[in-house]
Every structure is written in structure tokens, then in C-alpha cells.
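This report considers how the parts of one protein chain are packed together. Please examine the sequence and the model shown below before reading on.

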Amino acid sequence: MYMDLGAQGHRGSKEHRGSKGQGRQGAVRRESYATSLSNLQSAICNLQSEIGRPPYRPTVLPLNILPMRQRFGLGYDAHTFGADRPLKLGGVEIDHTTGLTGHSDGDAVTHALIDALLGAAAMGDIGQLFPDTDPRWKGADSMKMLAEVKRRLTAASYFVFNVDITVVTEKPKIAPHAPAIREKLAVVLGVSVDAVSIKAKTNEKMDTVGRGKGLMVYAIASLGGA
Ligand SMILES: [Zn+2]
């Protein structure tokens, strides 16, 4: 049985609850699961309308696969400063003296996150999906790559529980930009903002990053699904 949870979330319908031939306990678990996801999707709808985004497109999730498998993925990325373009992290332009080098837009936050998501689903890595030898990705918006990865995850019946990202850099300060980055990433991932965490550290002036030559990002993602 497949349930369009997004449609249920919008209409508040109870007509799909339960399933023939299933035990009472399983029906209760499915009901609880569906209710949680429905509430989450309603929260996303509210958030997106607040920030002027198009309505959330509901995802069709399989409900006959409980207990779900939870999976984790780790991502890492590093870029050097020095590019003559805006500094972009998590889809947000940040006022800084220089941008990050790289074949796309150099958005190391989004790149590390993409690898974490792909790793959790064992779907390869960012270099395989978006090779830097391909002119299509020269200067490309990394948020479009993230949207493509989310599309692939959804097609494979995965959804995102939460992600956590740590940026290591001496400058600029990341904390003032964290709320905007969290919102941008949450919209593309189809999760609420509190499922996206951004933290920042310096490298205590050690090594290349400590001398301000570049920036490193670590990310972890948790997925649920088939
Ligand atoms: Zn990168």
C-alpha cells in the first residue's frame, strides 16, 4: 500500500488509515507514522508559504515497509579561497573578500551535504553524478545539484530525517548566516528547519585552513526509507 501523505496532510483526511489484513498493532504504528509525517509536511507548507516559496510537492512514501531502515552518510569537502566570485555556502551569498575556487560555484557546504546524502543511500558521490570534466556543471548552482540528489532519493523511497553540518574556517563568521542557510537547505530537502543544523569552528590558526587559505566542511545525513 502506498499513501500520498502530502495530500493527506493538506486535507487532513483519515480515509486511508489502516490496512486490510494487517494486525491492530501494525495499523496503530502506521497511523502514528503517517500522522508524524503529515504534521511535518504541514509544517513545511507553512514555512514555505512564510518565505514565499511555491507549495511543497508531497512525496509518495511506502507504508508497508515498517520497521523502516534508518541510514547514515558522511560527507566532506574542502575548497581554497581566491576565486573572483561571491562566496556562496548552502546556497547563501556571504559578504567576503573572495569566493571559493571550484568547477561549479564552489559551494562547499552543499557539496559536503550532497556526499552525506548520497553516502547514506549508497548512491555514489558528487563526482560521479556531476563530474567536473562536464561543461554543464562549470559555474553551476550547487543547489540545483542538491535538488537533483533529493529527487533521486525520493525516487528510491528515501526521505531525510535530519542533517548536521560543520564548517571549519577562520573567516568569515558563519553564525550570522546560519539561519538563512538552514532555511535554504530545508526547502530543497523537504524538511523543517529544525532538521537542518549548521555549526562553525576555526582551525585555531593551524595548517592551511588556519592560515585562511581555504575552508573545510563536514556533513552527516540521516535517511529513512525502504
Ligand atoms: Zn566542492
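Leaving aside its neighbours within four places in sequence, with which residues is isoleucine 165 in contact? In this predicted model, the residues in contact with isoleucine 165 are Val109, Ala112, Leu113, Ser197, Ile198, Lys199, Val217 and Ala219.

**The chain as a whole**

The protein chain has 226 residues, of which 37% are buried. Its secondary structure consists of seven helices and nine strands.

**The nonpolar core**

In soluble globular proteins, nonpolar side chains tend to be buried together. Here the largest nonpolar core contains 44 residues. Ile165 is one of the residues with the most contacts inside this core, together with Val109, Leu113, Leu117, Val163 and Ala221. Two or more residues of the core come from each of β4 (87-89), α3 (108-120), α5 (142-155), β7 (158-168), α6 (178-189), β8 (196-201) and β9 (214-225). The greatest contribution is that of α3, which gives nine residues.

**Helix α5**

One contributor to the core, α5, is now described in detail. This helix has 14 residues, and the distance from its first C-alpha to its last is 20 Å, close to the 20 Å expected at 1.5 Å a residue.

An α-helix has 3.6 residues a turn, so residues three or four places apart point the same way. The buried residues of α5 are Ser142, Met145, Leu146, Val149, Lys150 and Leu153. These residues lie on the same side of α5 because they cover an arc of only 140° around the axis. Their cover includes α3, β7, α6 and β9. On the face turned away from the buried side, α5 carries the exposed residues Arg151 and Ala155. Serine 157, which follows α5, has a positive phi, near 65°.

**The packing of α5 and α6**

Two packed helices are described by the angle between their axes and the distance between the axes. For α5 and α6, the angle is about 35° and the axes are 9 Å apart. The residues that make this contact are listed by helix below.

| Helix | Residues in the contact |
|---|---|
| α5 | Met143, Leu146, Ala147 and Lys150 |
| α6 | Lys184, Val188 and Leu189 |

Of the residues in this contact, five are nonpolar, none is polar and two are charged. Leu146 and Lys150 of α5 take part in the contact with α6, and both are buried.

Methods. Residues are numbered from 1 along each chain as its sequence is written. This is a predicted model: local features need pLDDT of at least 70, side-chain atom pairs count only at pLDDT 80 or more; totals for chains, interfaces and linings use all residues. A nonpolar core is a set of buried Ala, Val, Leu, Ile, Met, Phe, Trp, Tyr and Cys residues joined through C-beta atoms within 7 Å. A residue is buried if 20 or more other C-beta atoms lie within 10 Å of its own, exposed if 12 or fewer, and partly exposed in between; C-beta atoms are placed from the backbone. Helices (H or I, at least four residues) and strands (E, at least two) are DSSP runs, numbered from the N terminus. Two residues are in contact if their C-beta atoms, placed from the backbone, lie within 7 Å. Axes are lines fitted to C-alpha atoms, for helices over the stretch in contact, and angles run from 0 to 180 degrees between N-to-C directions. Ala, Val, Leu, Ile, Met, Phe, Trp, Tyr, Cys and Pro count as nonpolar, Asp, Glu, Lys and Arg as charged, and the others, Gly among them, as polar. The expected span of a helix is 1.5 Å times one less than its number of residues. The arc is that of the directions from the helix axis to the C-beta atoms.
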